[in-house]
Amino acid sequence: MPQPVRVGTRASTLALTQTGHVAAELTRLGGLEVETVHVRTDGDRLTGSLATLGGTGVFVTALRDALLDGRCDVAVHSFKDLPTGAAPGLLLGAVPPREDPRDVLCARDGLTLTALPPGARVGTGSPRRAAQLRAARHDLDVVDIRGNVDTRLRRVAPGDLDAVVLARAGLARLGRLDAVTDVFDPSVMTPAPGQGALAVEVRAQDPGPAPDPALLAALAALDHRPTRLAVAAERALLARLEAGCAAPVGALATRADDAGTATLTLDAVVVRPDGTLRLHRTASAVLAPADGPGAATSVGETAGGTDGTDEDLAVALGVRVAEELLADGAADVAGLAAR
């Protein structure tokens, strides 16, 4: 009897929900029996702000270790949590279709961002969101918070906050969109690179028998090419800026199809932490046709960071926008390492 596919995940409600969606799809697409493996990460164990915990990777390292040492066969991550550098021994097996990547406000009394009173206390654990909040409303009191979705929502009145800012994708997956009082246009609050997308990682080489063909086929079917390309552009920008999830950097790539031509457009911002300066750049690249040489057809072709022409174009687009932001002074504005 085939062994069940062990899917590694953090044990938070949101992580389990996200992993549950992936596990259900692997079962549907490949007829696989799936077993969930809970892994505790530093981000779950430690307290303090994301920046003080080390930023990018704090929710990822333990999951990757579990994958590499064989405790699980697949690991599911929120894509925005992944470091941009290569992970030796691992491949990006699939990128499922993306949820709406926008940020949202969850406020008392149904208030929107413009309707919040001067001095309103708005909570977020993200330096990117905090900087963009200050840019949009310099009169707000932005409060650094930690905790899961329910913990954050409970801090809104009658708690100690007037509102919190969260990712719409997480609320949608949890069935909590009823808490949303305002959806931010990306021109007001540009999402984090990879926000709303999931990353499904696998080992590059299995130390035992060859990987189950049914798993490989299910991963290939689960992979969503438009999402993979959009995230590739966003993360290439982040990598060139040498920034992580603790940096005030936003990026959102969108695809438009017109008369058989697909265009990927990347909008990106770098914001001074106090919100007093906001740099914005946008650029586009024309992609290959869906059935052309840039199309990915299997896990072997998609995993590992390139599927040919299209992913190369997406990465080049991200690097180009990052270079333009750096030329505008982004490194000094946001305290980035890149020069």
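Which residues of α11 are buried? The buried residues of α11 are Asp310, Glu311, Ala314, Leu317, Gly318, Val321, Ala322, Leu325 and Leu326, where buried means under 20% relative accessible area with a 1.4 Å probe, protein chains only. This is a predicted model, in which local features need pLDDT of at least 70, side-chain atom pairs count only at pLDDT 80 or more, and totals for chains, interfaces and linings use all residues. Residues are numbered from 1 along each chain as its sequence is written, and side-chain values use heavy atoms, with hydrogens and water left out.

**The chain as a whole**
- The protein chain has 12 helices and 13 strands; these are DSSP runs numbered from the N terminus, with at least four residues (H or I) for a helix and at least two (E) for a strand.
- Of its 339 residues, 50% count as buried.

- Just after α11, Gly329 takes a positive phi of about 100 degrees.

**Packing of α9 against α11**
- The axes of α9 (residues 225-241) and α11 (residues 309-327) come within 7 Å and cross at roughly 35 degrees; axes are lines fitted to C-alpha atoms over the stretch in contact, and angles run from 0 to 180 degrees between N-to-C directions.
- The contact is made by residues including Leu229, Ala233 and Leu237 of α9 and Ala314, Gly318 and Val321 of α11.
- By class, the contact of α9 with α11 has 14 nonpolar, 1 polar and 6 charged residues.

**The largest nonpolar core**
- Of the 32 residues in this core, Leu237, Leu241 and Val249 touch the most other members; such a core is a set of buried Ala, Val, Leu, Ile, Met, Phe, Trp, Tyr and Cys residues joined through side-chain atoms within 4.5 Å.
- Elements that give two or more residues to the core are α9, β11 (249-258), β12 (261-271), β13 (278-287), α11 and α12 (330-334).
- With 7 residues, α9 gives the most to this core.

**Ala288**
- Ala288 lies in the loop between β13 and α10 (299-302).
- Ala288 counts as buried because its relative accessibility is 11%.
- The C-alpha atoms of Ala288 and Leu313 are separated by 9.2 Å, and the two residues are 25 residues apart along the chain.

How values were computed:
Contact = heavy atoms within 4.5 Å. Nonpolar A, V, L, I, M, F, W, Y, C, P; charged D, E, K, R; others polar.
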